[in-house]
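Have the viewer open as you read.

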Amino acid sequence: GATKVPMSLLEPNAYINYQRIEDNLAIVRERLKRPLTLSEKIVYGHLDDPVNQDIERGTSYLKLRPDRVACQDATAQMAILQFMSAGMDTAAVPTTVHCDHLIEAQVGGAKDLQRAININREVYDFLATATAKYGLGFWKPGSGIIHQIILENYAFPGGLMIGTDSHTPNAGGLGMVACGCPKVIGVNLTGKISGWTSPKDVILKVAGILTVKGGTGAIVEYKGPGLQSLSCTGMATICNMGAEIGATTSLFPFNNRMADYLNATRRSEIAQYAQRFSHNLKADEGAEYDHEIEINLSELEPHINGPFTPDLATPLSKFKNAVEKNGWPAELKVALIGSCTNSSYEDMSRAASIAKQAKDHGLDTKSKFTVTPGSEQVRATIERDGQMAALENVGGVVLANACGPCIGQWDRRDVKKGEANSIITSYNRNFTGRNDANPATHAFVASPDVVTAMAFAGDLRFNPLTDSLTGADGKPFKFDDPSGNELPPRGYDPGQDTFQPPPADRASVLVAVDPKSDRLQFLKPFAPWDGKTPTDLPILIKAQGKCTTDHISAGGPWLKYRGHLENISQNCLIGAINAENGEANKIKNQITGEYGGVPQVAAHYRDHGIKWVVIGDHNYGEGSSREHAALEPRFLGGLAIITRSFARIHETNLKKQGMLALTFINPDDYEKVRPSDRVDILGLESFAPGKNMTLVAKHEDGTKDEIPLAHSFNEGQIAWFKAGSALNLMAAKAKA
Ligand code: F3S
């Protein structure tokens with residue numbers, strides 16, 4: 001009979017389906033008649049319709065059936081509010097929500113956690129009740145960082161997962177993929193890793209080669225004999241940071257190191273099942289890649305990347321020179337290890353081995369030193385096994401099991417804003433202001449080993465491989481190579497129970513949202529299309545030049561309102577430059593004739609029953625794929641966004657929210673539209689795929705221009721528009 005192996009110990013009734021991969025691949029192989037990469041095998045193994053699906057690598061949109069969904073607490077708020085609008089009473093695939101992003105680092109773990117619980121209580125209450133209601137797993141604040149919890153409990157070889165966080169690809173360390181039909185970049189690892197070189201250095205090197213754009217639209221697939229010398233958690237570190245080169249995801253083939261990790265996290269059954277299907281969990285012999293890279297691990301040096309960008313890769317031996325040549329502040333203020341990227345048992349053990357050596361010579365860290373465990377399980381285990389004590393003994397402060405300084409949740413007090421200074425982290429991102437909101441902070445990224453060693457020198461010019469430090473006895477000493485167990489020899493200590501499974505009786509659960517809350521608000525469905533040809537619409541703003549999702553929906557303090565559409569909409573397009581006057585957030589209200597802020601004028605139109613349009617320049621909506629950038633204009637009564645061109649994800653997001661995303665067929669026609677025009681959109685009544693529309697731009701002086709517009713809606717997307725949004729359509733289907 002069919003093998004039934006649960007995907008997770010926490011979800012005993014949802015099973016891994018390797019047979020579907022096998023069956024799908026039989027069909028796909030017959031069609032493609034060529035060897036497949038591992039990425040292709042897992043992605044095509046999850047096709048909804050392998051017989052009829054178009055399959056052109058790097059081109060086709062694929063309809064896929066993912067195995068699970070993972071959300072963190074910042075993005076989950078709007079995602080769940082939207083899910084509620086879809087009218088379903090339970091999630092279609094196993095899903096978990098993780099409370100990690102809202103916890104600010106101030107003084108240390110337990111106190112910071114309690115403070116976060118007080119500040120964010122209503123958000124946590126909402127998430128706890130909504131997950132209970134709709135059958136989602138809920139990981140409470142203090143449980144740890146999403147990607148570590150996923151690796152410890154949910155990731156499995158050959159799985160397909162979608163996540164609401166950039167570093168979801170972390171699960172590639174356990175052979176799991178996260179979406180799309182991208183190109184495939186192969187990274188061939190030869191040689192053997194040793195000494196100060198760690199898995200982190202593989203990705204720091206790859207980032208240097210490929211740059212922050214090099215992975216865009218691609219899955220990075222690792223292979224080669226060098227894999228055998230990488231731990232599973234180390235492979236996860238490499239996959240995690242694939243996000244820094246823009247990769248869709250990164251992936252490793254199933255091997256015995258993954259099996260070891262599955263065994264250590266009490267999932268031997270999955271290890272055995274994966275072993276039996278291991279032929280599907282690696283690339284075919286002779287599979288072709290769109291691009292290939294080769295790295296010899298035996299020759300790979302530790303690297304330090306940064307400042308301000310993760311692809312500025314400098315080998316450790318050349319780093320001192322780089323610091324001096326570039327005038328980077330040499331004094332190291334803070335060294336930070338941990339995060340979702342580098343907080344495994346192995347990472348902590350190796351860092352502790354360095355701390356112990358220093359302590360043996362009577363040294364504490366010179367720089368401030370923080371430790372962020374990635375999960376309660378790792379925290380409890382390193383507490384039991386002594387690594388935590390070793391790190392605290394030298395002055396390390398253990399922060400909460402949460403994102404903390406990595407996402408800027410850091411109440412940093414040791415330098416003033418604007419003061420140039422250096423920090424070094426084992427995290428992934430280091431762009432300007434990411435960690436402490438100080439644009440003058442030079443943030444460097446390295447392995448936890450290098451970060452820890454640097455903390456003792458307090459100086460970026462220190463090279464632990466070649467330089468000595470002076471012990472308390474006045475004698476110089478050099479660090480030995482760091483060492484540490486890959487997995488805890490006595491097994492993991494689960495620590496406190498921080499998981500809330502969905503209750504058996506979900507009908508009686510009430511989702512907690514206070515109507516007076518300024519952080520959360522239930523969503524009301526958007527109105528369906530009224531069937532009319534739009535005429536005489538004002539132009540809210542003719543945006544000039546770059547208009548990214550950050551210009552459309554700013555971050556920073558606004559992120560607090562992610563669960564409250566009305567409040568966050570007050571940032572709508574406030575960063576866009578008005579072509580009329582070259583200013584941001586200053587537009588003419590075409591009814592009153594007065595100038596005002598963009599959100600205020602938009603709301604004024606909406607409240608007077610007037611729909612409006614936005615005119616945009618090239619690549620409108622580029623940047624991070626922020627959902628709110630599409631929700632806000634819709635909420636404020638916009639009908640169409642008309643541009644020279646769109647960033648693809650934002651264009652799709654607009655369609656999902658029931659907005660018209662239209663482009664000038666002749667991009668120069670952008671010039672013909674004047675900010676004070678009233679416009680008609682002709683052809684909407686016969687909206688069909690591939691059929692153009694016409695913009696009639698009626699100028700103040702009585703003249704007009706007729707401008708041809710194109711769109712990229714398919715049948716399904718047109719139905720979203722007519723229903724008012726994709727969720728409205730789902731809700732209608734759920735009811736039927
Ligand atoms: Fe959190 Fe930083 Fe990872 S924000 S999820 S620890 S990238």
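1. The lining of the second largest pocket divides into 8 nonpolar, 9 polar and 5 charged residues. Here Ala, Val, Leu, Ile, Met, Phe, Trp, Tyr, Cys and Pro count as nonpolar, Asp, Glu, Lys and Arg as charged, and the others, Gly among them, as polar. This is a predicted model, where local features need pLDDT of at least 70 and side-chain atom pairs 80 or more, while totals for chains, interfaces and linings use all residues. Residues are numbered from 1 along each chain as its sequence is written, and side-chain values use heavy atoms, without hydrogens and water.

2. Of the 22 lining residues, Trp139, Asn153, Arg266, Gln377 and Pro494 lie nearest the pocket's centre. A pocket is an open set of points on a 1 Å grid over the protein atoms alone, where a 1.4 Å probe fits, with protein on both sides within 12 Å along at least five of seven lines; lining residues have an atom within 4 Å of a point.

3. Helices H6 (146–153) and H13 (376–385) each give two or more residues to this lining, and H6 gives the most, with 3. Helices are DSSP runs (H or I, at least four residues) and strands likewise (E, at least two), numbered from the N terminus.

4. Why does the pocket lie between domain 1 and domain 2? Both domain 1 (6–65 + 144–298) and domain 2 (314–477) give residues to its lining, so it lies between them. The domain bounds come from an automatic or database assignment.

5. Elsewhere, 4 strands form an open parallel sheet, ordered S9-S8-S7-S10. Strands pair if DSSP finds at least two bridges between them; S7 (183–190) and S10 are joined by 6.
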